[in-house]
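Dear colleague,

I am handing over the structure below, and after it I set out what was found. Please read the notes with the model open beside them.

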Amino acid sequence: MARTVSDGADWAAGLDPIARARADAAADRPHADAAEPSAFERELAAASRRERARLEDAREAARAEAERMVRRLSPAAPDLVGPLAEARLEFSRVEGRAGPELAAALARATRTSGDLDGFRRANGLRREALYPDSTLLQAGLLLLAALFESVFSAALFAQEAEQGLLGGAAVAVGLSGANVTLGFLAGYLGLRYLQPARLVPRIGGAIAFGAFLALAIGLNLFAARWRETLSALSDSDARDYLTPSLDLFGFSEPQAVVLLMLGAGVWVFAALKGYSGFDDPYPDYGKMHRAHRDAEAEAASLRNDVREALEAAAETARGAIDARLGDMREALTAMRSAYDSAALDIGALDARMRRLEEEAATLARQYRQANIAARAAPPPAYFEDSLAAAAAPGDALATCGADLHAAQGALEAAQANAAQALAALGAELDQASRRLAKATE
């Protein structure tokens, strides 16, 4: 920004104070009664004034250029209204789009909550519903139980089956599958329905449990008897074995007893899993609790989505305002840089003016001292007077400093206004959230 100005070291070229003083002393110049400066001193003053004028012109040019630069870099007041208006418009759009959907979700959550509370009061339930988050593990345990029974049953049947291990495995898989199915149904449709306060479901549950229990007992007794029959047929003539009447609960082989106990154990395990492994033991309690949980989760998810959309709009406005304030800060930094650069340039010119005054005073003193030493007559009286010093230059950057101070004040005011505007926008965001949350009230 600074102009290039020569240092002016040759401003006094051609002015030899010693030689001129001796020449003037030989000619008795200046006279003892002279009141005006000598010709040399006038020439020295004229040269000094020319050099000072040149430096003052350069100083004035630097001042003008600094003022132009500072004014050009002065930041404009940031537009805070535009981003805030966009954010408020987005608030209205979010309310318009998500309001009905969120209201419906909140209504479902309220309705399912009322239904669940009514169900609890009607059935005297004071505990929370108990059920697994996923039934995959419970189904896997039932499958393992069926596989366990199939493996052992296949080994027992394979000893006597005509098809060997393959035939025994086929019978075992069917038996274990039937045991697990009957046990699960006895627990799910029988034991669970023995709890309701109403009589009709309890009667139905007792009938279902008895029926599935009878079927399981008959199936496992038949399987055990069949296993013992196959064993007897392989050891003696089938006609001799089938002629006597068979005692249903009398088994002569331990394999039949093991098969019966294994089936009973798997059936009991499946019944317990059917009772409480897949759902709450109280009928319909888990279903209603899940409906309420899902409705609340949906409402909470929608509420979070709406809040995030509102916050995204507010954050966009905040980012736009921060960007505008950032532009102001950058402009203020550039103004300070321009001011500092101009201060260095003008400071250098002021220092050169001071050196100019010192050099001029030094040359004048050298002239007077040499003139006094060389002359026979007394020197003029004004030789004893001190040399007049030039007035100190004024503050060239006063206007730039005022502009810089005004820009700093404008930035601080803009920051304060932005903080207030964003606080008001945050309050409007909270109000919009509350309006959406109370849409069903």
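In helix H1 (residues 17-26), the residues Pro17, Ala21, Asp24 and Ala25 are buried, where buried means under 20% relative accessible area, exposed means over 50% and partly exposed lies in between, with a 1.4 Å probe and protein chains only. They lie on the same side of H1, because they cover an arc of only 100 degrees around the axis, the arc being that of the directions from the helix axis to the C-beta atoms. Helices (H or I, at least four residues) and strands (E, at least two) are DSSP runs numbered from the N terminus. Before going further, please note that this is a predicted model, in which local features need pLDDT of at least 70 and side-chain atom pairs count only at pLDDT 80 or more, while totals for chains, interfaces and linings use all residues. Residues are numbered from 1 along each chain as its sequence is written, and side-chain values use heavy atoms, with hydrogens and water left out.

The buried residues of H1 pack against H2 and H9, contact meaning heavy atoms within 4.5 Å, whereas the face of H1 turned away from its buried side carries the exposed residues Arg22 and Ala26. H1 is followed by Asp28, which lies in the loop between H1 and H2 and has a positive phi, near 55 degrees, in a residue other than glycine. Asp28 is partly exposed, with a relative accessible area of 29%. Pro30 is also placed in the loop between H1 and H2, and a cis peptide bond with omega of about -10 degrees joins Arg29 to Pro30.

A positive phi is also found at Asp284, where it is about 70 degrees although Asp284 is not a glycine. Asp284 lies in the loop between H8 and H9 and is partly exposed, with a relative accessible area of 35%.

**The nonpolar cores**

A nonpolar core is a set of buried Ala, Val, Leu, Ile, Met, Phe, Trp, Tyr and Cys residues joined through side-chain atoms within 4.5 Å. The largest such core has 44 residues, and those with the most contacts inside it are Phe91, Val306, Leu310, Ile321, Met335 and Leu425. Two or more residues of this core come from each of helix H2 (39-73), helix H3 (81-123), helix H9 (285-374) and helix H10 (398-437), and H9 gives the most, with 16 residues. A second, separate core has 19 residues, among them Trp11, Ala12, Ala58 and Tyr367.

Leaving aside residues up to four places away in sequence, Met335 touches Val70, Leu73, Ser74, Pro75, Asp403, Leu404 and Ala407.

**Aromatic rings**

The structure holds seven aromatic pairs; rings of Phe, Tyr and Trp (its six-membered ring) pair if their centres lie within 6.5 Å, and planes under 30 degrees apart count as stacked, over 60 as edge-to-face and the rest as tilted. One of these pairs is formed by Phe119 and Tyr285, which are stacked at 5.9 Å centre to centre with 25 degrees between the planes. Because Phe119 lies in helix H3 and Tyr285 in helix H9, this pair ties together parts that are 166 residues apart in sequence. Both Phe119 and Tyr285 are buried, and together with Tyr282 they form one aromatic cluster.

Another pair, that of Phe209 and Trp267, is tilted, at 6.2 Å centre to centre and 50 degrees between the planes. Phe209 lies in helix H6 (residues 199-235) and Trp267 in helix H8 (residues 254-277), so the pair ties together parts that are 58 residues apart in sequence. Phe209 is partly exposed, with a relative accessible area of 21%, whereas Trp267 is buried, at 9%.

Glu67 lies in helix H2 and counts as buried, at 9% relative accessibility. Not counting residues up to four places away in sequence, Glu67 touches Ala396, Thr399 and Cys400.

Asp395 lies in the loop between H9 and H10 and is exposed, with a relative accessible area of 60%. The C-alpha atoms of Asp395 and Ile346, which are 49 residues apart along the chain, are separated by 9.6 Å.

With best regards
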